[in-house]
Amino acid sequence: MRKTIRDIRAMKAGGSKITVLTAYDAAMASLFASCEVDILLVGDSLGMVMLGYDSTVPVTMADMIHHAAAVRRGAPDAFVICDMPFGSYHTGVRDAVINGLRIMKEAGSDAVKLEGGLEMCVVVKGLVEAGVPVMGHIGLTPQTASQLGGYKVQGKDLEAARRLVAEAKALEEAGAFALTIECVPAGLAEIITSSLAIPTIGIGAGVHCDGQVLVGQDMLGMFEKFQPKFVKQYASLAPQIKAAVEEYNSEVRNGSYPGAEHSFADSLDYRQLLAE
Ligand SMILES: Nc1nc(=O)c2c([nH]1)NC[C@@H]1CN(c3ccc(C(=O)N[C@@H](CCC(=O)O)C(=O)O)cc3)CN21
Ligand SMILES: CC(C)C(=O)C(=O)O
Ligand SMILES: [Mg+2]
């Protein structure tokens, strides 16, 4: 049975932690769903992990819908949240609602996530009123990281900490059903978490958030381009993949692959064929 927003909100009230992983394709979505991850996030980080961009800025609506639809096919019963890409909610409430509805209808996602604080509350409200559930995202917001001075920890001085608390409350007030908090000191994320009724999902925001999110490829140790401090590698797949491919190369080159067990047996007498 697919979770509902009510189920997710009840997890905070009941004190059960919420697990979230990003998934960008049907195969990984199916694997993660079979492990009972609570929520799959189709993150715009797919631009960096899957598409080779240096930031999430170039990611388009077409990219997000393409990947989110694949995640839905791979995990028909998962609760799926899809990031709204940069530019898809920055030109007014009407455009944001049109794009949010497209994600729901064309990708079959259960909700969308968008980055920003006070300036985004009117957009959040518009989406929620149109029937598009919204997760907020504050702290390090990668789509506008250049304005934040790069991929840096946020909320380090009192004024910035106060602003993050105010943003969190305003997003809850605007109707967000949950909030991602990225790269914020643990004690501040704890204060935000206890000041909200909606669940907080942390990434680099300490253990007191109501749940945690990581990029799937980061926690599996298969993304080598960079490694934020908050990532824990629960597996080291990159070295395993390299070892497997090197073994394949050498077996193809020395003729030990394919063996008889990977080949189809002959049932014909080829003398006639060879005589033609
Ligand atoms: N693979 C991947 N994983 C992610 O977590 C992720 C993406 N891609 N792409 C979009 C954003 C970018 N993210 C990042 C990228 C780098 C750092 C990073 O290197 N941070 C410094 C903190 C420096 C400081 O302020 O002290 C670190 O050392 O972790 C953090 C988040 C998180 N998101
Ligand atoms: C890291 C999470 C929160 C995200 O926004 C993404 O993967 O794009
Ligand atoms: Mg994102």
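In helix α4, the residues M61, M64, I65, A68, A69 and R72 meet N99, R102, I103, E106 and A107 of helix α5; two residues are in contact if their C-beta atoms, placed from the backbone, lie within 7 Å. The model you are looking at is predicted, so local features need pLDDT of at least 70 and side-chain atom pairs count only at pLDDT 80 or more, while totals for chains, interfaces and linings use all residues. Residues are numbered from 1 along each chain as its sequence is written, and chains are lettered from A and ligands numbered from 1 in the order in which they are written. Helices (H or I, at least four residues) and strands (E, at least two) are DSSP runs, numbered from the N terminus.

**The α4 and α5 pair**

- Two packed helices are described by the angle between their axes and the distance between the axes.
- For α4 (residues 61–74) and α5 (residues 93–107), the angle is about 35° and the axes are 9 Å apart; axes are lines fitted to C-alpha atoms, for helices over the stretch in contact, and angles run from 0 to 180 degrees between N-to-C directions.
- The crossing of α4 and α5 is right-handed; this is the word used if the near helix is turned clockwise from the far one by less than a right angle, and left-handed if anticlockwise.
- Sorted by class, this contact of α4 with α5 has seven nonpolar, one polar and three charged residues. Ala, Val, Leu, Ile, Met, Phe, Trp, Tyr, Cys and Pro count as nonpolar, Asp, Glu, Lys and Arg as charged, and the others, Gly among them, as polar.

**The whole chain**

- The chain has eleven helices and eight strands.
- Its C-alpha trace spans about 85 × 35 × 35 Å along the principal axes.
- Of the 276 residues, 40% count as buried. A residue is buried if 20 or more other C-beta atoms lie within 10 Å of its own, exposed if 12 or fewer, and partly exposed in between, with C-beta atoms placed from the backbone.
- Take the contacts between residues at least 6 apart in sequence: 58% of them join residues at least 24 apart.

**The barrel**

- Strands of a sheet pair through backbone hydrogen bonds, either parallel or antiparallel.
- Here, eight strands close into a barrel in the order β1-β2-β3-β4-β5-β6-β7-β8, with parallel pairing; two strands pair if DSSP finds at least two bridges between them.
- Neighbouring strands of this sheet are turned by 25° against each other on average, direction ignored.
- Helix α7 (residues 158–174) packs on the sheet and touches β5 and β6 (178–182), its direction making about 175° with that of β5.
- Strand β1 (residues 18–22) pairs with β8 in the parallel sense over four bridges, and I18 stands opposite G211 in β8.
- On the way to β2, three bridges join β1 to that parallel strand, where V20 stands opposite I39.
- Strand β7 (residues 200–203) is joined to β8 by two bridges, with Q212 as the bridge partner of G202.

**Strands covered on both faces**

- In a regular strand the side chains alternate between the two faces of the sheet.
- In β8 (residues 211–214), G211 and V213 on one side and Q212 and L214 on the other are all buried.
- Strand β2 is also covered on both faces: I39 and L41 on one side and L40 and V42 on the other are all buried.

**Around the ligands**

- Ligand 1 has 16 residues around it, of which S45, Y151, K152, P228 and K229 come nearest; a residue is near a molecule or strand if its C-beta atom, placed from the backbone, lies within 6 Å of it.
- By class, the shell of ligand 1 holds eleven nonpolar, two polar and three charged residues.
- The surroundings of ligand 2 include T22, D44, S45, D83, T180 and E182.
- The shell of ligand 2 divides into four nonpolar, four polar and three charged residues.

- D44 sits in the loop between β2 (39–42) and α3 (46–49), and counts as buried because 31 other C-beta atoms lie within 10 Å.
- Leaving aside neighbours within four places in sequence, D44 is in contact with T56, V59, M64, D83 and P85.
- E36, in the loop between α2 (26–34) and β2, has a positive phi of about 60° although it is not a glycine. E36 counts as exposed because it has 8 C-beta neighbours inside 10 Å.
- C183 also has a positive phi, near 55°, and lies in the loop between β6 and α8 (186–195). C183 counts as buried, with 23 C-beta neighbours inside 10 Å.
- A cis peptide bond, with omega about 0°, joins Y257 and P258.
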